[in-house]
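Subject: The structure for you to look at

Hello,

Here is the structure I promised to pass on. Please open it beside this message, and then read on for what turned up in it.

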Amino acid sequence: MALAVVIFLLVIGSIIFHFASPWWFTEIAADWGSIDFTINLTFWVTGFVFVACNLFLAYCIWKFRQKEGHKAVYEPENHKLEIGLSAITTVGVIAMLAPGLFVWASFVNVPDDAVQIEVLGSQWQWQYRYPGADGQLGTADVLLVTEDNPFGVNPEDPRGQDDVVVNDPELHLPLGQPVQTLLRSHDVLHNFTVPQFRVKMDLVPGLVSYLWFDPTREGRFDVMCEELCGIGHFVMRGAVVVEPQADFDAWIAQQTTFSETQNMAAPNVAAGQAAYAACATCHGQQGEGNQALNAPKLAGQQPWYIERQIQHFKDGARGGDGDTYGAQMAAFANMLADETAVRNVAAYINTFPDTPAQPTVTGDVDNGYDIYDRNCAACHLDNGQGTWYNDSPKLAGMSDWYFVTQISNFRAGIRGLHPTDDYGEQMVSMATAMSDLEEIQDVAAYINTLQR
Amino acid sequence: MAYVPLADQDKEMEMHHPHSWVEKYVWSQDHKVIAIQYGSIAVFTGIIGLTLSVLFRLQLGFPESVDFIDPNFYYQAVTMHGMIMVVYFLTALFLGGFGNYMIPLMCGARDMVFPFMNMLSVWTFLLSVIILMASFFVGGGPTGAGWTLYPPQTAMEGTPGHDMGIVLMLISLAVFIVATTMGGLNYAVTVLQYRCRGLTMMRLPLTVWGIFVATILALFAFPALLVAAIMMLFDTLLGTSFFMPAVIEAGAPLDHNGGSPLLFQHLFWFFGHPEVYIVALPAFGLVSDVLSTHARKNIFGYRMMVWAIIAIGGLSFIVWAHHMYVSGMHPYFGFFFATTTLIIAVPTALKVYNWVLTLWEGDIRLNAPMYFAIGFIFTFIHGGLTGLFLGNVVIDLPLSDTYFVIAHFHMVMGVSPILVLFAAIYHWYPLMSGRMFHEGLAKAHFWLTFLGAYAIYLPMHYLGFLGVPRRYYQIGATDFIPASAQDLNASITIAAIFVAVAQLLFFVNIIWSLKYGKKAEKNPWGSASLEWQTPDLPPKHGNWGDELPTVYRWAYDYSVPGAHEDFIPQNTPETVEPTVDEEHFDPDQDASKADI
């Protein structure tokens, strides 16, 4: 008896939950209303069956519960009824499947006017490549990937020379222009998902997969990786900006082409040396760092990382609220006029001899190893050297006190939450592997053991 | 079908009759003892799987509340939870546990056809569990590659347990498959060859049908996983490239080239989809018998139920790629696999209709086993219907890899089969132990489990609609997920903890009742099927005393008009209780002509 009532209440409760729930599909931003239609159709058909079957179930329990003097009816089977129910079910299934297959056909067949854009996934970042003026993407191969050619574009292929390479997790798309994204991975499976576009597809190393959509709404949407790709899976985020054609044209004009990245002039170390004079006051003549002045060691750090961080200080992505020393640094960073100046300084710093910094932090090395090995080594590597491929800076032999400050800043939300600091945002999440100051010091103490 | 005289050859029984305590309870060849051993090991791993789920639910509901749950541990926990629950818990419990216990008793046999191999099977299973658990104690810990173990990430830096953990997982799976194959051959041959006189295939209880067809599925499906595991071991240890294309690890290319990650996915799901039915079909069978017995009514549409089991089993081999709609395989496959997948809905729906119609005009005893069985109908309807979303290829685009998928498969192959497990354990507890369980505790256990599970999984579908991705250690900062989603996650976690703790009621009940439960009278539910008709309760070694039973009717003669009682045991001769007159129905017309 109670069971019949509860099943009845669960059916009613489910309906109420559905209508009261604020959790439903995001507002659609691509021309895939047909997918939403199929979902709604399926929802109402299955919803009806759910309610009907369970109410009938509840009725049976209530009506035919054991009673004195009551006896069950002997009725082994009823072919007509069974065939009738199967026929109704078949009709219902066809009603849901047929529209689904039609919509799938339109997903499989990409319209002729769609432009092709490459989405490249690697642990744990998104990058994008546009075809350039010739409208064609050049060939690419994972075995051609280097720090200077992160897309592995074939340098011999003339079609690839004008390809626009975007080494940044933000994708820009013109409004109302159908897009076919060609999906490629350099390491493991990933999955390109923008919830508002409704469609998703895996990136598979060794082959090129695709999906297509027609963005119909301006805005900035999250790009999520939705195929487990290792420990950094949950921080593999990007963004897609859908904007009017004019804005898009202006944006893409600022991006670099593949041939530009290949033919970039070598940085001017002498100019970098001149500019470094201002830095030397705090960071030292040889970039050895100075804890008293809160200036970390620079010598030995990877140039791409130095460049990116100076850029962040210039953009205001670092050195904002709560980061007093960062604010000091931002003032100095702004003395560097442009990207070339930043590159020059980084190149000069790269000439310094790399002597490991003196350890200043003590902690439980074993616990530090445990945390580092489980969570940090995936990007920063077992030897703490870091790699451009994972966007991970060198940690071993660098200023341990600075490590402690920065991890604390990530934990406190002082660093990494600025919208343009995509890589910092990953550290905000990963830094949770260290639950308090003590654990941060443990990890720093372990990293100190990696100096040789 | 003609009677096969093999079952009467009792001499073999002497050979493995136990002579000492160790032979009786440890190196036992008695299917009933082996069933309990299989079940106990499976339940032990299940408890570990459940504990892991509570831990990672804590992280999802209350981020960073537990110090040692870092991203690494989180991925290891979800991976091990999934593999343990699907393979080492559910498969082992349904086939090794219930298959072992029920098949000989329901077939009127003294034991399995190959008792020694049966014993070997359970000890090999234990070995596989030990290897699996060992991975918690090796450097790097167990694999965190997700229970699907998709390459290339399984063996790459950046995946937890990428050196030892994954190797132990693959070896453990291979050993498990050896155990399952030994057991499975036994179950299938026993059903085919060891049925007693008069027991035609179409007189078998649906429990036997469900386990039998599931066993056949296992024998065909597990080899695909075995070769996949071996090939992946070669890739990992010997440097072959079956599944490994050219990839970059930490900036440098690995020494692999030309392998196909999708090949692994095809092999995995060629096993993985039938695996769903390896768990579901025995549950379908067991629940049919519980429903019929306590509704005091024959299972409605027995023949359709049998054919539905066979049809579902057959179809389950041609739907596997519906797990791969967004895997990057050729999208044209989507048309085929969406169609086959939705066709399965028809025989499955028919089974649901027939369960409910079994209750119609019944005389329903609302006791604890029946509560769980009816709870199953509710959750299975829910889980089955959400399958129509994911199976319909285009709807899978937004929902794949979100919490909708998690909610769906937990509803359909987690909660539903587990409710059946409880129904079955309570239902057959008097047979296995000779005691009655505590009805009040069992009902309390039902309410907390059933309502708690629904509180976990109903809202979870809505997280999926919203687009919250699965396998995220933290949701983190997004524009589209409102803060309220975190509140929902917290409530789901609280419900999960309730459900997990509620399982203590079950363990207390079955352990307490072993000693203090009311002594069960013979055939306490008034069941018509053969397993309750043994001379002893619980049945002794050899099951049937001096003489094997003879069967005269199907297993569902409840409330037959004109009969003395509201059930007629299968082994009651026609001279005592007439078979049902033609005007009503004879479920197996040709059985009366069988060689009895």
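What is the mean pLDDT of chain B, and what percentage of its residues reach 70 or more? The mean is 92, and 94% of the residues of chain B reach that level. Please keep in mind that this is a predicted model. For the complex, the predictor gives an ipTM of 0.94 and a pTM of 0.94.

Now to how the chains meet. In the model, 99 residues of chain A are in contact with 106 residues of chain B. On the chain A side, the elements that each supply at least two residues are α1 (2–20), α2 (33–63), α3 (79–108), β7, β9, α10 (365–380) and α12 (422–430). The largest share comes from α3(A), with 14 residues. Sorted by class, the side of chain A that touches chain B holds 56 nonpolar, 28 polar and 15 charged residues.

Two of those elements, β7 and β9 of chain A, bring us to a sheet. Five strands of chain A form an open sheet with mixed pairing, in the order β4-β10-β9-β6-β7. The edges are taken by β4 (170–174) and β7 (200–203) of chain A; each has a single partner strand, so one side of each is left without a neighbour in the sheet. On average, neighbouring strands are turned by 25° against each other, direction ignored. Within the sheet, β6 (residues 190–193) and β9 (residues 219–225) of chain A pair in the antiparallel sense over two bridges. Thr193(A) has Met224(A) in β9(A) as its bridge partner. Helix α4 (residues 245–253) of chain A packs on the sheet, where it touches β4 and β10 (237–243) of chain A, and the direction of α4 makes about 135° with that of β4(A).

Two helix pairs are also worth a look. In chain A, the axes of α7 (residues 303–315) and α9 (residues 339–349) come within 9 Å and cross at roughly 140°. α7(A) and α9(A) are therefore oblique to each other, and their crossing is right-handed. Among the residues that meet there are Ile306(A) and Ile310(A) in α7(A), and Val342(A) and Ala346(A) in α9(A). The residues of this contact divide into seven nonpolar, one polar and two charged.

In chain B, the axes of α8 (residues 261–295) and α9 (residues 302–315) come within 11 Å and cross at roughly 175°. These two helices of chain B are therefore roughly antiparallel to each other. Their contact includes Tyr277(B) and Phe284(B) of α8(B), along with Met305(B) and Ile309(B) of α9(B). By class, it has six nonpolar, two polar and no charged residues.

Lastly, some backbone details. Most residues other than glycine have a negative phi, and most peptide bonds are trans. A cis peptide bond joins Gln123(A) and Trp124(A), with omega about -5°; Trp124(A) sits in the loop between β1 (115–122) and β2 (125–130) of chain A. The bond from Leu537(B) to Pro538(B) is cis too, with omega near -10°. Asn523(B), although not a glycine, has a positive phi of about 50°. Both Pro538(B) and Asn523(B) lie in the segment after α15 of chain B.

Enjoy exploring!

Best wishes

Methods:
Residues are numbered from 1 along each chain as its sequence is written. Chains are lettered from A and ligands numbered from 1 in the order in which they are written. This is a predicted model: local features need pLDDT of at least 70, side-chain atom pairs count only at pLDDT 80 or more; totals for chains, interfaces and linings use all residues. Two strands pair if DSSP finds at least two bridges between them. Helices (H or I, at least four residues) and strands (E, at least two) are DSSP runs, numbered from the N terminus. Axes are lines fitted to C-alpha atoms, for helices over the stretch in contact, and angles run from 0 to 180 degrees between N-to-C directions. Two residues are in contact if their C-beta atoms, placed from the backbone, lie within 7 Å. Ala, Val, Leu, Ile, Met, Phe, Trp, Tyr, Cys and Pro count as nonpolar, Asp, Glu, Lys and Arg as charged, and the others, Gly among them, as polar. pLDDT is the predictor's confidence in each residue, from 0 to 100. Angles under 35 degrees count as roughly parallel, over 145 as roughly antiparallel, 65 to 115 as roughly perpendicular and the rest as oblique. A crossing is left-handed if the near helix is turned anticlockwise from the far one by less than a right angle, and right-handed if clockwise.
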